[in-house]
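The exercises below go through one structure piece by piece. Try each task before reading its solution.

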Amino acid sequence: MPSTPAFPGGTILGYPRIGRRRELKRALEAHWSGRTSAAELAETLAALRLATARHLVALGLDAGDGSVPGSFSPYDHVLDAAVLLGIEPADRYFAAARGDATRPPLEMTKWFDTNYHYLVPEIGPGTPVSFADDAPVRWFTEAAQPADGGAPVVTRPVVVGPVTFLLLATAAPGAPEGFRPLDRLDDVVTAYGELLAALGAAGAPWVQLDEPALVADTATAGLAPGELAAAVERAYGSLTAVAGRPQILVAAPYGDLRTGDDDLLAVLAASDVEAIAVDLVRGEAPSRPVPGLATTTLVAGLIDGHNIWRADLAAHLDQAAALAATTGAGAVTVGTSTSLLHVPHDVDDETWDGTDGRDPRLAAWLAFADQKVTEVVTLANGLRHGADAVGAQLAAASAALADRAAAAGVVVPAVRDRAAALGDDDATRAPYAERAAAQADRLRLPALPTTTIGSFPQTPQIRAARNAWARGAATDAEYRTAMRDEIAAVITLQEELGLDVLVHGEPERNDMVQYFAEQLDGFAVTAGGWVQSYGSRCVRPPILWGDVSRPAPMTVEWTSYAQSLTTRPVKGMLTGPVTILAWSFVRDDLPLADVAAQVALALRDEVGDLTAAGTAVVQVDEPALRELLPLRRADQPAYLAWSVRAFRVATGGAGPDVQVHTHLCYSDFGEVIDAIDGLDADVTSLEAARSRMEIVPELHEAGYARGIGPGVWDIHSPRVPTTAEVTEQLTLAVRAVDPALVWANPDCGLKTRGYEETTASLRNLVAAAHAVRATL
Ligand SMILES: Nc1nc2c(c(=O)[nH]1)N[C@@H](CNc1ccc(C(=O)N[C@@H](CCC(=O)N[C@@H](CCC(=O)N[C@@H](CCC(=O)O)C(=O)O)C(=O)O)C(=O)O)cc1)CN2
Ligand code: MET
Ligand SMILES: [Zn+2]
């Protein structure tokens with residue numbers, strides 16, 4: 001048992017891994033393209049790890065007691081755990097992540113309710129499991145005894161916990177019916193026990209085991225009541241019995257440990273783990289003493305790891321100070337609610353002089369990862385030494401909050417009035433039968449129409465043109481010409497391929513959310529606020545800080561230009577309100593439902609302008625519909641009601657002869673099937689290739705009876721599907737539902753692909769659609 005509280009100077013559950021200048025991205029991509037060797041890559045990553053650990057010490061975390069998390073991963077922390085357990089071979093790490101000639105990549109899916117994506121490990125009853133990779137031990141030693149002779153840092157290795165690992169894993173192909181990954185708990189715990197012994201032998205005082213699945217009903221679906229509690233008790237009973245182990249911090253971010261079927265905080269408190277990190281942003285602190293917690297340090301996750309607003313430090317300090325008494329914890333220290341993986345590095349990396357369109361007032365309202373570390377350190381100091389010891393910091397935080405609350409643009413009466421006046425009529429289109437007839441008449445499409453999801457490859461030339469424009473090295477006119485040339489080429493290519501409903505290809509979009517945020521009032525965007533989305537891929541989530549409105553059309557010019565080049569219909573392409581919120585940092589002073597209505601109204605104006613300009617097909621993408629779904633079932637209906645309504649407000653002004661499409665991807669749709677129907681889109685395209693079209697009968701059984709475009713090829717891999725494969729997929733689809741409803745399209749946009757595989761794949765898609773069409 002710890003005699004003093006663990007991490008008295010505060011701690012964080014994890015730190016961004018991509019590097020403040022995206023060093024990890026650049027190193028990975030250089031290696032994958034063959035420009036650097038595996039040894040060079042390893043050297044760069046080791047330097048990044050060491051620099052990160054020392055940076056966290058410079059920000060105020062203790063260098064000697066395990067307060068600095070060792071939360072690095074070369075690609076994904078769930079894949080790392082699979083390698084640790086020998087389920088994926090260490091020397092084929094990137095093949096598991098990205099696929100190669102010999103194997104497809106592991107499936108990728110959303111990490112809880114975030115825009116981070118993890119690789120889904122596969123495990124069967126016979127999969128050998130052992131302690132197979134000692135990376136956490138090597139990384140610990142590398143910082144504790146640095147080869148450069150510089151300052152050592154005693155880090156706290158961070159590993160996905162055994163229960164969460166198995167709850168996130170899927171049954172390997174060929175596993176017998178009824179097998180569940182959690183059936184392998186004992187084997188996995190044995191391997192983790194060996195890891196703990198090795199860490200202890202290396203001198204690690206602490207290890208952090210992340211168990212976020214314990215807060216999510218969605219991750220634990222299919223377990224009997226009590227089963228999860230029993231698994232946690234069993235796993236941590238074994239792990240705490242390991243001789244020579246480090247002290248164990250169990251972290252439960254993204255929700256509340258106590259609101260599922262089982263009170264898992266009580267189960268963990270009753271175990272011999274030395275510290276438990278709870279998320280007090282998404283969850284609540286227990287208001288009565290928890291048995292067993294008296295011998296445990298509670299790491300109070302007060303600083304939001306999932307958002308970028310500067311915290312109300314005075315309020316948090318009061319809350320922290322009360323926790324020991326109310327919860328019965330033996331000791332309390334301050335931490336982040338989640339890893340800081342989800343926020344950019346440093347507010348001070350942006351320029352705030354107003355010259356590049358960023359409102360200088362925002363600088364004082366924000367806290368990125370580094371500012372959050374400082375907030376944690378301040379609160380921990382306040383907790384130890386009293387509020388007076390940090391009086392100046394508390395006052396500065398309060399002043400920034402007051403400034404933000406009163407700032408112009410935060411409340412815009414005209415926007416509030418318009419949202420308040422919305423009625424059911426605004427969210428209701430003509431009956432589907434009437435729409436279908438009007439659209440058939442206007443569009444005259446063949447059976448099994450072919451289309452794509454919107455983006456075509458974002459080539460290095462496109463990125464370079466945008467980069468030059470942003471730097472002032474190219475004029476507006478030059479940039480516009482470059483994008484129009486790209487659009488023209490994309491239209492020509494689609495006509496040559498014989499696609500039926502064309503797209504303009506989205507070359508002008510840096511990102512499907514940021515592009516809109518840059519043009520909407522109420523948003524700010526960063527120049528370098530990168531956040532890892534998966535592997536080497538990053539996004540710069542915009543900051544939604546004020547009431548949202550649309551000063552001018554955002555997409556009409558590009559879409560109209562594309563339509564002027566062809567007689568085939570060109571789809572207008574918009575990002576939906578829920579996805580815009582999900583992939584932004586959203587204000588915390590207004591209910592999400594109200595913010596969504598404002599964004600929906602801005603999009604409604606855009607749909608109006610597009611259709612007035614003659615656009616007959618408008619797609620409103622909602623790939624993040626599933627992402628914002630609350631992790632607890634009880635909270636889901638309210639979310640689904642406002643999210644569906646926002647989509648319907650955005651599209652509700654479209655006349656019956658306008659075909660509204662939507663697109664969803666990156667998730668299991670099971671839990672949102674009714675909501676998909678509720679969107680009332682005329683055509684829905686979904687990711688389906690990796691699940692052999694299962695979504696088609698599922699949607700049909702749920703009563704969905706409008707157009708459906710199950711993705712027939714997995715665009716996340718460079719592999720070109722054969723015509724025969726696509727034909728088979730389409731055949732499955734037309735057998736499952738009325739063939740008149742089926743569309744042929746890829747899984748998702750093509751922006752991350754190259755032209756070579758894109759052209760070949762689309763050629764096969766069109767050939768397959770024609771072949772199946774002939775059989776109808
Ligand atoms: N926001 C968001 N979330 C999402 C998705 C999405 O599309 N957007 N898709 C899903 C999966 N996630 C993804 C996330 C990112 C990327 C992606 O391709 N990201 C790009 C960056 C996209 C971008 O912002 N591009 C900018 C800036 C590009 C850039 O890095 N430019 C260079 C310079 C380039 C040059 O001069 O050649 C630089 O700044 O250093 C642009 O095109 O303008 C990357 O990491 O490489 C793909 C999928 C789910 N979540
Ligand atoms: C992540 S969903 C992407 C949809 C978007 N229209 C595209 O094709 O890129
Ligand atoms: Zn998609």
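**Exercise 1.** Find which helix and which strand each supply at least two residues of the shell around ligand 1, and describe that shell.

Solution. Helix H16 (460-471) and strand S14 (537-539) each supply at least two residues of the shell; helices (H or I, at least four residues) and strands (E, at least two) are DSSP runs, numbered from the N terminus. Before going on, note that this is a predicted model, in which local features need pLDDT of at least 70, side-chain atom pairs count only at pLDDT 80 or more, and totals for chains, interfaces and linings use all residues. Residues are numbered from 1 along each chain as its sequence is written, while chains are lettered from A and ligands numbered from 1 in the order in which they are written.

Next, look at the amounts. H16 gives the most to the shell around ligand 1, namely five residues. The shell has 19 residues, of which Ala464, Asn467, Asn510, Ser533 and Val539 come nearest; a residue is near a molecule if its C-beta atom, placed from the backbone, lies within 6 Å of it.

Last, sort the shell by class. Eight of its residues are nonpolar, six polar and five charged. Here Ala, Val, Leu, Ile, Met, Phe, Trp, Tyr, Cys and Pro count as nonpolar, Asp, Glu, Lys and Arg as charged, and the others, Gly among them, as polar.

**Exercise 2.** Work out why strand S10 is described as largely enclosed, and which strands pair with S10.

Solution. Start with burial. Seven of the seven residues of S10 (residues 297-303) are buried, so this strand is largely enclosed by the rest of the structure. A residue is buried if 20 or more other C-beta atoms lie within 10 Å of its own, exposed if 12 or fewer, and partly exposed in between, with C-beta atoms placed from the backbone.

Then take the pairing, which requires that DSSP finds at least two bridges between two strands. Strand S9 (residues 275-279) is parallel to S10, with five bridges between them; Ala275 has Thr297 of S10 as its bridge partner. Strand S11 (residues 331-336) also runs parallel to S10 and is joined to it by six bridges, with Gly301 opposite Gly335.

S10, helix H11 (residues 313-327) and S11 form a right-handed β-α-β unit: with the strands pointing away from the viewer, the path from the first strand over the helix to the second runs clockwise.

**Exercise 3.** State how the protein chain is divided into domains and how the domains meet.

Solution. The division is into domain 1 (23-406) and domain 2 (449-775), with bounds that come from an automatic or database domain assignment. Taken over C-alpha atoms, the domain centres are 32 Å apart. Across the boundary, 39 residues of domain 1 are in contact with 32 residues of domain 2, contact being C-beta atoms, placed from the backbone, within 7 Å. On the side of domain 1 that touches domain 2, helix H1 (23-32), strand S2 (108-110) and helix H8 (217-220) give two or more residues. By class, that side has 18 nonpolar, nine polar and 12 charged residues.

**Exercise 4.** Are Arg444 and Leu448 buried or exposed?

Solution. First locate them. Arg444 is in the loop between helix H15 (432-443) and H16, and Leu448 is found in the loop between H15 and H16. Then count neighbours. Arg444 has 9 C-beta neighbours inside 10 Å and therefore counts as exposed. Leu448 has 25 C-beta neighbours inside 10 Å and therefore counts as buried.

Last, check the backbone. Most residues other than glycine have a negative phi. Arg444 has a positive phi of about 50 degrees, and phi of Leu448 is near 50 degrees.

Methods:
Contact = placed C-beta atoms within 7 Å.
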